[in-house]
Each structure stands twice: as C-alpha cells, then as structure tokens.
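Below is a short briefing on a single protein chain, written to be read beside the sequence and the coordinates.

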Amino acid sequence: MSINLKLRSKDVESSLETPIKIQYIPASIEGDGPANLEQFFTPYTECQPDGRYPLQGKVTTLPDGYTGVMFQETKKPLSEDDDRTLTFAGAFREFTYWNYDRQPSRNDPLAKALNWLQLSEVLHGEDADELEENEKTTTDRKATK
C-alpha cells in the first residue's frame, strides 16, 4: 500500500491568506466533518455544574519556518492493501492546544515535540555545518604546522 499526497505549494500559500483554525483536543470525537467551533470553544471553558473538568486552551504558534498542513481523504480504500490518496485541505501556522485538566505548558508532550524542532535546527542546521567546517579547517591548519 502507498499513500499519495496531492499538494501544490501555491495552494499552501493561498490557504495561508485565510488559514484554517485547528483545534488539538485530548479526546476522541466520533465525527469527520466541519463543525461550528466558535459556538463551543473559547480559550477557556468554565467548569460545568456537574463537576466535569474544564477545557483549558492556548493558541500555539509553530516555530519560524514551519507550516502545518491538513489533508483529507475523500475516497476510502476498499481494503487495507489498496493505495490511499490524501488531498490538501488547508494550511496553518498556529492552532489551539487544549488540556482537559490543567493549563497547557512547556512540559506537555506536544510542546516538547515542538521544542525538538528548534533544537534540531540548532544541531543540524546550516550554521552547524559551517561550524564543523571551520573546526575542520582550524584542525587541518594546526596539523600542518
């Protein structure tokens, strides 16, 4: 089975002019379609009288240089072995991240994953390659003296 992604860079750029609103919620929702989120979600939903936990949300921005994309599968495969095609559905640079029992923080797994993106850039980005090249040149000069 292969997964084919239908995506063009100009679609992403035009989608960012009116980005989609993404909600990352720690729950399973039995649904697969549009929803009127503004009616149900704000950055903080008050505790209900029946004692349910309040949802607490925070707008999270992706690190510089990153863009989130969302894909949609319009035709389900007949079997698990069939090829799948996912079509571009929208792009975003920020999303609302929700916790059900505490304020979102830097210690949450999602926030830690986003921090790894920045750490990876530091360790493996172009600046790291330049630093290695400079160290090699300095070492080579010392060895020839």
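**Surface patch and a buried aspartate**

W116, L119, V122 and L123 together make up a nonpolar surface patch with about 430 Å² of accessible area. The model is predicted: local features need pLDDT of at least 70 and side-chain atom pairs pLDDT 80 or more, while totals for chains, interfaces and linings use all residues. Residues are numbered from 1 along each chain as its sequence is written, and side-chain values use heavy atoms, leaving out hydrogens and water.

**The patch**
- Patches take residues with over 30% relative accessible area and no salt bridge, joining like charges within 9 Å and nonpolar side chains (Val, Leu, Ile, Met, Phe, Trp, Tyr) within 5 Å; a salt bridge is a side-chain nitrogen of Lys or Arg within 4 Å of a carboxyl oxygen of Asp or Glu.
- W116 sits in helix α3, residues 109–124, and its relative accessible area of 56% makes it exposed (over 50%; buried is under 20%, partly exposed in between, with a 1.4 Å probe and protein chains only).

**Around D108**
- D108, in the loop between β6 (94–99) and α3, is buried at 1% relative accessibility.
- The D108 side chain reaches the backbone nitrogen of S105 at 2.9 Å.
- Leaving aside residues up to four places away in sequence, D108 touches Y97, N99, R102 and Q103 (heavy atoms within 4.5 Å).

**The chain**
- The chain has four helices and six strands, which are DSSP runs (H or I, at least four residues; E, at least two) numbered from the N terminus.
- Of its 145 residues, 19% count as buried.

How values were computed. Areas by Shrake-Rupley, 256 points an atom, 1.4 Å probe, with all protein chains shown as cover. Polar contact = N/O pair within 3.5 Å; in protein donor to acceptor, adjacent residues only side chain to side chain.
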